[in-house]
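Student: I would like to learn how to read a model such as this one. Please show me the sequence and structure, then take the features in turn.

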Amino acid sequence: RQDPDIIMIGEIRDLETAEMAVQAALTGHLVLSTLHTNDAPSAITRLMELGIPPYLIRATVLGVMAQRLARTLCPHCKKPGESDAQAWQTLTRPWKALLPRQFYQPVGCLECRNTGYMGRAGVYEIMALSDKLTRQITDRCELEQLRLDAYKEGMKSLRLNGAQKVAAGLTTVEEILRVTPESQR
């Protein structure tokens with residue numbers, strides 16, 4: 001079997017662009033594109049809002065990845081800070097995640113131009129469309145149920161992925177809260 005051609009479409013903003021992406025996918029191409037939504041499950045309902053029929057979404061969408069960029073702490077000057085159980089709970093709610101032993105905070109030095117941050121890291125939420133999730137894509141698609149079932153199938157929220165980066169000492173709770181929407185569950 002031959003690998004599919006990959007087509008990249010900048011951003012899906014309107015029905016015409018969405019239809020072009022669907023047609024390319026229907027003819028065997030792997031289509032990569034962007035679509036502005038708050039999270040991965042919302043991409044399905046956004047395509048429907050644009051006018052793509054649910055049966056075409058079921059036939060063409062394999063998965064959705066939501067992403068945000070979070071500033072990373074400067075490795076030259078970050079310093080240990082107090083563990084804040086309440087902030088951690090806000091970040092990881094409604095999941096139960098162990099409080100890291102150490103949090104870090106920005107300081108500022110010549111290397112980072114006194115910002116305390118140097119570079120950015122991606123924070124991701126990946127929803128692979130299983131048969132169960134695909135069957136939910138109908139005219140009566142319930143976004144909340146789709147999101148809940150995606151979590152049950154192993155999707156991690158943007159905030160939970162960000163919490164892993166906080167626990168690894170790469171960024172701060174405040175930075176992840178700033179760049180990610182509140183987890184829905």
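Tutor: Helices (H or I, at least four residues) and strands (E, at least two) are DSSP runs, numbered from the N terminus. Here the order of elements along the protein chain is β-α-β-α-α-β-β-α-β-β-α-α-α-α, with 8 helices and 6 strands. The model is predicted: local features need pLDDT of at least 70, side-chain atom pairs count only at pLDDT 80 or more, and totals for chains, interfaces and linings use all residues. Residues are numbered from 1 along each chain as its sequence is written, and side-chain values use heavy atoms, with hydrogens and water left out.

Student: How many bridges join strand S1 to S2?

Tutor: Two strands pair if DSSP finds at least two bridges between them. S1 (residues 6-9) and S2 run parallel and are joined by 4 bridges. Within this pair, Ile9 lies opposite Ser33 of S2.

Student: What is the hand of the β-α-β crossover from S1 through H1 to S2?

Tutor: A crossover is right-handed if, with the strands pointing away from the viewer, the path from the first strand over the helix to the second runs clockwise. The crossover from S1 through H1 to S2 is right-handed.

Student: At what angle do the axes of helices H4 and H7 cross?

Tutor: Two packed helices are described by the angle between their axes and the distance between the axes. Axes are lines fitted to C-alpha atoms, for helices over the stretch in contact, and angles run from 0 to 180 degrees between N-to-C directions. The axes of H4 (residues 85-92) and H7 (residues 158-167) cross at roughly 145° and come within 8 Å. Contact means heavy atoms within 4.5 Å; H4 contributes Trp88, Thr90, Leu91 and Thr92, and H7 contributes Arg159, Leu160, Ala163, Val166 and Ala167.

Student: Where is Pro94 found?

Tutor: Pro94 sits in the loop between H4 and strand S5 (103-105). The peptide bond that joins Arg93 to Pro94 is cis, with omega about 10°.

Student: Which residue has a positive phi although it is not a glycine?

Tutor: Arg113, with phi of about 60°. Arg113 belongs to the loop between S5 and strand S6 (117-128).

Student: What are the dimensions of the box that the C-alpha atoms fill?

Tutor: Taken along the principal axes, the box is roughly 55 × 35 × 35 Å.
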